[in-house]
Amino acid sequence: MVAYASVREFVPLYGLYALLFEDHGLDTRSISSLFVLWSVVAFVSEVPSGAWADTVSRRGLLFGSGALLTAAFTMWLVWPGYWGFALGFVLWGISESMKSGTFEALVYDELAARGCEHRYAAIMGYANAGEMTCVFVAILTAAPLFELGGYALVGWVSVAITVVDIALVGTLPAAPKVEEADEIAGRGDTVLVRYMSSLRAGTSEIRTDRVVRRSVVLAAALLACLAFDEYFALLARESGAETGFVPVLVALTAVGQVVGAATAGRTATMSGRTMGAVVIVGSALIAGGALAGGIAGFTAIGVGYGALHNTAIVAEARLQDTMSGRARATVSSVVGLTSEVLSVAVFAAYAIGSLWLPMAALVAVTVLPLVGLGVVAPRLLPAARPAGTERER
């Protein structure tokens with residue numbers, strides 16, 4: 001599971017694609033419009049794909065997700081213009097929605113089958129740390145690849161990595177989904193009927209269970225905070241870094257995410273008050289680092305970003321413990337849907353704000369709402385569930 005999640009993020013293109021767009025004539029507003037399109041496609045397909053993951057093979061959906069990701073990056077290379085980039089983002093958005101919720105549900109149900117649900121935060125933390133480690137190495141790799149063969153070499157190496165990750169889908173476990181008695185009796189239903197049943201069960205749980213609903217809001221808001229990283233390459237260039245050095249600065253933020261994710265198992269039982277404090281401090285570090293720029297500034301951004309990444313994993317793990325599990329992927333996908341909606345707001349703010357503010361000021365301003373999130377986090381985060389116990393329903 002960790003290998004699959006990690007290799008999927010070993011994409012050298014991550015460190016340079018914003019510059020790829022800019023060097024093909026796109027300005028900040030055009031680039032932001034691509035990010036908005038990406039998020040809109042993802043949230044439109046998010047919940048439907050989650051319901052499919054509660055209905056059909058989760059490994060099958062992950063295989064399809066990998067194939068679409070390969071096609072997305074290929075599109076950027078063969079059609080390097082606004083509409084080629086846009087089509088690539090459409091494919092990438094669908095790919096991400098097919099993975100979001102599906103992978104989390106697969107991992108939790110596998111642990112549940114072994115009676116190890118309490119290890120979910122730690123396992124997902126290791127998986128996220130593996131992802132960020134691969135992002136870090138991939139971003140650093142982008143610099144020498146760019147020097148050797150420009151954007152073309154960076155892009156085709158990235159495409160090759162996604163093909164390898166598709167093969168790793170076959171190594172994932174296939175634990176049975178959590179089932180209720182009426183679901184077992186209804187196995188003769190058509191796929192469509194089971195799909196609609198999963199969709200209704202997941203959305204109904206969020207609508208009627210206040211604890212689950214609050215957990216969804218918190219996890220989604222924290223995940224949306226991670227949308228800022230799409231602008232880090234542009235921030236580095238604005239601060240005076242050469243194209244070849246930009247990946248090095250961006251890699252500093254990935255180091256912070258690695259540490260934040262790897263320690264999620266240790267912080268899994270944090271209180272809501274502690275989480276609120278971490279969110280506020282992390283936000284301040286990102287804002288200050290953006291204004292400072294350079295190696296010191298990006299180091300501060302990395303620490304703050306790592307702190308936010310840690311709280312997002314803990315919040316998502318607490319949600320998994322809180323929900324019933326009857327439509328686990330569907331509920332998880334609603335988190336993805338909500339975070340994408342919030343991400344669109346972030347991208348729109350950058351598109352509009354770029355008319356008046358430099359990138360450093362934009363980053364500092366857009367993290368301010370996180371202070372409010374830190375204040376309300378104690379009310380939204382469910383209490384940690386002791387290992388080996390089940391939630392009372």
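A residue counts as buried when its relative accessible area is under 20%. Keep that cut-off in mind for this predicted model.

Start with the aromatic rings. The model holds 30 aromatic pairs. One of them joins phenylalanine 35 and tryptophan 38.

A second pair brings together phenylalanine 146 and tyrosine 151. This pair is edge-to-face. The centres are 5.0 Å apart, with 65° between the planes. Tyrosine 151 is buried, at 15% relative accessible area. Phenylalanine 146 reaches 21%, so it counts as partly exposed.

Now turn to helix packing. Two packed helices are described by the angle and the distance between their axes. Helix 6 covers residues 102-113, and helix 7 covers residues 120-168. Their axes come within 10 Å and cross at roughly 135°. An angle over 145 degrees would count as roughly antiparallel. Helix 6 and helix 7 are therefore oblique to each other. Their crossing is right-handed.

Which residues make the contact? Helix 6 supplies Phe103, Glu104, Val107, Tyr108 and Leu111. Helix 7 supplies Tyr120, Ile123 and Met124. By class, the contact of helix 6 with helix 7 has seven nonpolar residues, one charged and no polar.

Conventions
Residues numbered from 1 in each chain as written. Predicted model: local features only at pLDDT ≥ 70, side-chain atom pairs only at ≥ 80, totals over all residues. Heavy atoms only, no water. Phe/Tyr/Trp six-rings, centres within 6.5 Å; stacked < 30°, edge-to-face > 60°. Buried < 20%, exposed > 50% of the residue type's maximum accessible area, 1.4 Å probe, protein only. Axes fitted to C-alpha atoms, helices over the stretch in contact; angles between N-to-C directions. Helix = DSSP H or I, 4+ residues; strand = E, 2+ residues; numbered from the N terminus. Parallel < 35°, antiparallel > 145°, perpendicular 65-115°, else oblique. Left-handed = near helix turned anticlockwise from the far one by under 90°. Contact = heavy atoms within 4.5 Å. Nonpolar A, V, L, I, M, F, W, Y, C, P; charged D, E, K, R; others polar.
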